[in-house]
Amino acid sequence: MLRIPCPVCGLRDETEFVYREDASVRRPDPGETDPTVWHDAVFIRENPRGKHLEYWHHVHGCREVVVVERNTLTHEIGRCRQAREVQG
Amino acid sequence: MSRYSAFTLLKHGLSGNRGWPRAWRDPEPKPHYDVVIVGGGGHGLATAYYLAAEHGIHNVAVLERGWLGGGNAGRNTTIVRSNYMMPGNTGFYELSLKLWEELSRDLNYNVMFSQRGQYNICHSPAQMDAQRRRGNVMRANGIDAELFDRAEVQRRLPYLDYSPHARFPVHGALFQGRAGNARHDAVVWGYARAADRQGVDLIQQCEVVGFIRDGERIVGVETTRGPIRAGKVGLAVAGHTSHVAGMAGLRLPIETHALQAFVSEPLKPMIDTVISFATAHFYISQSDKGGLVFGGAIDMYNTYAQRGGLPVVEDVLAAAKAMIPSVSRVRLLRQWAGVMDMTMDGSPIITKTPIDGLYLNGGWCYGGFKATPASGFCFAHTIATDRPHRENAAFTLDRFAKGYQIEERGAGPHPNAQ
């Protein structure tokens with residue numbers, strides 16, 4: 001069981017959350033016309049073996065979306081911030 | 001090394017089974033090979049075998065970081081089927097099933113392929129419609145498929161929950177009679193032995209840590225056992241494809257996720273077929289030793305740790321109990337996980353890459369085991385001829401850029417799209 005330190009609710013079980021996606025992916029500017037930029041944002045993932053930034057939605061808690069730093073090899077969890085506080 | 005036959009079985013049986021030779025050599029790596037395959041799982045070994053047997057390329061090495069078949073080849077639920085609907089998948093998986101049907105004879109090794117049939121249980125009228133359509137596509141492609149109504153499913157599988165308040169009501173099922181399962185270790189060992197007999201060097205405890213380049217072209221690999229140069233390098237390292245291909249500078253539409261599998265204590269014969277349940281994503285069969293072998297969905301967050309989380313254990317066991325109430329008192333023997341390449345459309349990649357000398361086989365999502373023979377067959381063809389085989393022509397890397405994703409589920413770009 002992963003335990004995620006929600007910045008609003010405190011330390012909570014992963015079952016209160018829904019995993020959303022890789023938080024390092026940036027949606028391109030809507031006016032972007034280069035298809036490779038869109039292709040990379042929609043399909044390509046760094047998929048690191050180690051530190052990973054990811055969105056978790058605290059659906060059974062404060063309903064905030066949080067950005068969690070987690071190690072994909074050890075499942076060690078680092079910083080956890082509200083998504084709105086993480087600059088794009 | 002001798003062929004396995006009834007005669008050698010009798011001969012060695014009479015001499016106390018002490019005279020069997022080892023099934024394959026344990027060679028030191030040579031400085032150069034025509035082709036180096038990275039990854040000694042089912043797909044890598046099959047590729048090496050077909051390179052030698054179909055294309056006459058015998059100067060081949062398979063490099064394995066751990067031991068042969070120690071990754072996903074040894075961690076799956078051994079289901080083999082070809083009930084795919086999307087162009088690109090349909091013919092590929094049917095080629096695989098046809099290769100499975102001849103595999104034990106072809107390899108001179110009993111892979112214990114058992115065509116015990118596979119049911120896709122439908123829990124709603126909409127699922128019946130979807131499975132009817134799938135069955136029609138299969139039959140139009142010459143693949144066997146039968147649609148059963150609820151009464152027929154109840155006659156054949158009396159142990160499912162047919163009560164009025166069943167959590168997952170049974171409306172019917174799509175059945176493929178030629179589907180079934182096989183013994184996963186035997187598949188690995190059969191390909192390993194057959195490849196070794198063709199002159200392929202199987203090199204274990206040899207991890208690839210980098211690539212050797214000549215200009216832009218890849219001309220070999222750096223390993224923990226020294227540099228090995230190669231005319232062509234093929235990757236068959238599903239689960240770690242992003243990591244290994246990343247060393248060559250490739251960025252891929254793949255995320256790595258854990259998929260768990262389970263086996264119960266041995267029981268008397270109960271489930272003589274393979275059953276998949278659409279709604280809760282649950283599948284079950286019974287091994288020859290009597291254990292119920294089953295699994296569910298991935299853990300849903302990126303991980304390279306080959307272990308699963310307890311929330312999914314609970315989900316899968318709840319699904320088992322809901323569909324087959326009589327398993328409620330069966331004890332679980334083991335639970336484990338493998339790490340999957342989850343592609344952004346749920347379909348695999350077998351292709352020549354944009355980097356000269358580098359070929360890629362990966363992205364197997366939930367379904368790598370059944371694909372083993374066709375994956376090796378098509379990857380060997382791609383490496384040997386620099387052109388895809390007809391059945392892997394759609395499994396390109398640039399399909400995502402061109403809008404030719406092969407989405408069996410139609411769920412959009414998501415690493416759980418299968």
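# A walk through a two-chain model

Helices (H or I, at least four residues) and strands (E, at least two) are DSSP runs, numbered from the N terminus. Axes are lines fitted to C-alpha atoms, for helices over the stretch in contact, with angles from 0 to 180 degrees between N-to-C directions. Two residues are in contact if their C-beta atoms, placed from the backbone, lie within 7 Å.

A word on the model itself: it is predicted, so local features need pLDDT of at least 70 and side-chain atom pairs count only at pLDDT 80 or more, while totals for chains, interfaces and linings use all residues. Residues are numbered from 1 along each chain as its sequence is written, and chains are lettered from A and ligands numbered from 1 in the order in which they are written.

Now look at an open sheet of chain B, whose eight strands follow the order S5-S6-S4-S13-S14-S15-S12-S16 with mixed pairing. Two strands pair if DSSP finds at least two bridges between them. At the edges are strand S5 (146-149) and strand S16 (332-343) of chain B, each pairing on one side only. From one strand to the next, the twist averages 25°. Within chain B, strand S4 (residues 118-122) and strand S13 (residues 274-277) pair in the parallel sense over four bridges, and B:Tyr119 stands opposite B:Ile275 in S13(B).

How is chain B divided? Its domain assignment gives domain 1 (23-107 + 184-254 + 345-402) and domain 2 (118-180 + 256-337); such bounds come from an automatic or database domain assignment. The C-alpha centres of these two domains of chain B lie 29 Å apart. Where they meet, 17 residues of domain 1 of chain B are in contact with 23 residues of domain 2 of chain B. On the domain 1 side, H3(B) gives the most, with four residues.

Next, the inside. The largest nonpolar core has 119 residues, and those touching the most other members include B:Val36, B:Val60 and B:Tyr191. Such a core is a set of buried Ala, Val, Leu, Ile, Met, Phe, Trp, Tyr and Cys residues joined through C-beta atoms within 7 Å. Buried means that 20 or more other C-beta atoms lie within 10 Å of a residue's own (exposed is 12 or fewer, partly exposed in between), with C-beta atoms placed from the backbone. Why does this core lie between the two domains of chain B? Domain 1 and domain 2 of chain B both give residues to it, so it lies between them.

Finally, turn to chain A. Its open sheet of four strands has the order S3-S4-S5-S6, with antiparallel pairing. Strand S3 (18-22) and strand S6 (77-82) of chain A stand at the edges with a single partner strand each, so one side of each is left without a neighbour in the sheet. Seven bridges join S4(A) to strand S5 (residues 65-71) of chain A, and these two run antiparallel. A:Trp56 stands opposite A:Val66 in S5(A).

The chains also meet: 18 residues of chain A are in contact with 21 residues of chain B. H1(A) gives the most to the side of chain A that touches chain B, with three residues.
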